[in-house]
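Okay, thanks for coming, everyone.

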Amino acid sequence: MEFKVRSYRFNPEVDTQAYYKEYAIQDFPGMTVLNALMKIKYELDGTLSFRRSCRSAICGSCAMKINGITKLACKTQVKPEIMKFGIVNVEPLANMPVVRDLIVDQEGFFDTIKAIKPYLLTEGENEELSGFKTLKEGEKIKQPVYSREQFKNLTGNNDTPNCILCECCYSECNGVSGNKKYLGPAALAKLYRYSEDPRDNDRDVSRLLNGSKPDGMWDCVHCQACEEFCPKGISPVKAIVRLHEKTIKNSITSTPGAKHVVSIAQSIKKTGKLDEAKVALGTAGIAGVIRDLPVVISAALKGKMPPLKLEPIKNMDDVKLAYKELGLEEK
Ligand code: FES
């Protein structure tokens with residue numbers, strides 16, 4: 001069968017703007033999108049540029065947008081794409097600047113990974129290590145099995161290795177789309193992974209403190225795209241939710257995101273309802289409410305003011321029971 005590949009093209013040395021170019025090629029059984037791109041490069045157009053290495057969904061190099069969705073080209077079969085879209089449309093990853101054709105500048109992404117200190121911190125001094133802490137010559141601290149189990153579905157699952165840093169989640173992340181400074185799902189999942197590692201000795205919870213700052217974990221919009229588009233079955237969003245819980249348990253509650261969650265929990269605990277006025281006050285404080293006064297007035301004029309006093313729901317016993325089951329009755 002002959003089919004068409006339509007590729008995004010941009011060479012900053014000669015092009016003033018990006019364009020698309022179509023190539024007609026013959027498929028073969030089991031052909032992947034990466035096979036198709038390599039066929040184009042070797043037989044039709046040697047200038048087409050893209051990253052690839054392992055061709056086995058291991059190295060994470062070949063991530064790109066295929067018919068609008070971020071995928072690994074080496075793991076994506078041509079046939080289903082043709083059946084569904086009639087063409088294989090390839091574009092560079094989103095949320096990163098294009099270097100050339102399908103190649104993006106990964107520096108910003110790897111800066112987010114570096115920012116969370118992706119290595120074990122040593123005892124006392126927070127000295128940076130890239131591997132195990134050596135106790136005596138040749139002796140190493142092994143990761144306990146329970147610890148590995150604890151985050152196996154959050155940074156990797158039973159059948160797959162850990163995150164391969166392919167950037168699929170980062171490309172599809174709506175939080176990054178709205179704020180290019182946001183740490184993003186891959187870095188935050190890694191932050192959670194190290195925060196749970198019993199070999200790590202981050203006594204001053206520096207990772208959680210850093211991850212709680214603006215552009216950190218509270219900027220997640222919970223769209224779950226990171227989980228949906230991860231080619232390795234990882235769920236960064238679940239790791240981020242656990243980070244939120246862990247941060248609040250460690251009393252790191254001075255950020256607007258944490259204040260928002262605590263205010264909601266207190267409102268439900270008291271009335272069984274969401275007291276929007278109190279949640280706004282608890283999250284932004286008086287200064288924040290004054291700052292947002294034009295929005296408040298505009299909402300009020302349209303009849304959208306929340307009630308200033310809420311009566312508790314009838315079956316508050318159920319609410320109390322839920323808080324007790326969650327171990328939150330004292331908070
Ligand atoms: S080439 Fe390595 S993941 Fe696709």
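Let me start with a term I'll need for the helices: a crossing is left-handed if the near helix is turned anticlockwise from the far one by less than a right angle, and right-handed if clockwise. Also, please keep in mind that this is a predicted model.

With that in hand, look at helix α3, residues 107–115, and helix α8, residues 185–195. Their axes come within 8 Å and cross at roughly 15°. Anything under 35 degrees counts as roughly parallel, so α3 is roughly parallel to α8. And here's where the term comes in: the crossing of α3 and α8 is right-handed. On the α3 side you have F109, T112 and I113, and they meet A186, A187 and K190 of α8. Sorted by class, the residues of that contact come out as four nonpolar, one polar and one charged.

Now stay on α8 and turn to its contact with α11. Here too the axes come within 8 Å, and the crossing angle is roughly 55°. That makes α8 oblique to α11. Which hand does this one have? The crossing of α8 and α11 is left-handed. From α8, the contact uses P185, L188, A189, L191, Y192 and S195, and from α11 it uses P236, A239, I240, R242, L243 and K246. By class, there are nine nonpolar residues, one polar and two charged in the contact of α8 with α11.

Okay, over to the sheet. Quick reminder: strands of a sheet pair through backbone hydrogen bonds, either parallel or antiparallel. In what order do the five strands line up here? The order is β2-β1-β5-β3-β4, in an open sheet with mixed pairing. At the edges stand β2, residues 19–26, and β4, residues 69–72; each has a single partner strand, so one side of each is left without a neighbour in the sheet. From one strand to the next, the twist averages 35°.

Let's go through some of the pairs. β1 and β5 run parallel and are joined by three bridges. If you want a landmark, V5 has V88 in β5 as its bridge partner. On to β3, residues 63–66, which pairs with β5, residues 88–91, in the antiparallel sense over two bridges. There, K65 has E91 of β5 as its bridge partner. And β3 is also joined to β4, again antiparallel, by four bridges. In that pair, M64 stands opposite K71 of β4.

So what about the faces of these strands? β5 is covered on both: V88 and V90 on one side, N89 and E91 on the other, all of them buried. Strand β4 has one covered face, with T70 and L72, while I69 and K71 make up the uncovered one.

Helix α1, residues 33–44, lies across β1, β2, β3 and β5, and runs at about 95° to β2. Helix α2, residues 78–85, lies across β1, β3, β4 and β5, and its angle to β5 is about 105°.

Last topic: a couple of backbone angles. Most residues other than glycine have a negative phi. N67 sits in the loop between β3 and β4. Is N67 buried or exposed? Its relative accessible area is 12%, so N67 is buried.

The other one is S251, which isn't a glycine either but has a positive phi of about 60°. You'll find S251 in the loop between α11, residues 236–249, and α12, residues 256–271. S251 is exposed, with a relative accessible area of 57%. So that's the pair to click on: N67, buried, and S251, exposed.

That's it from me. Happy to go back to any of the views.

Note on methods: Residues are numbered from 1 along each chain as its sequence is written. This is a predicted model: local features need pLDDT of at least 70, side-chain atom pairs count only at pLDDT 80 or more; totals for chains, interfaces and linings use all residues. Side-chain values use heavy atoms; hydrogens and water are left out. Two strands pair if DSSP finds at least two bridges between them. Axes are lines fitted to C-alpha atoms, for helices over the stretch in contact, and angles run from 0 to 180 degrees between N-to-C directions. Contact means heavy atoms within 4.5 Å. Angles under 35 degrees count as roughly parallel, over 145 as roughly antiparallel, 65 to 115 as roughly perpendicular and the rest as oblique. Ala, Val, Leu, Ile, Met, Phe, Trp, Tyr, Cys and Pro count as nonpolar, Asp, Glu, Lys and Arg as charged, and the others, Gly among them, as polar. Buried means under 20% relative accessible area, exposed over 50%, partly exposed in between (1.4 Å probe, protein chains only).
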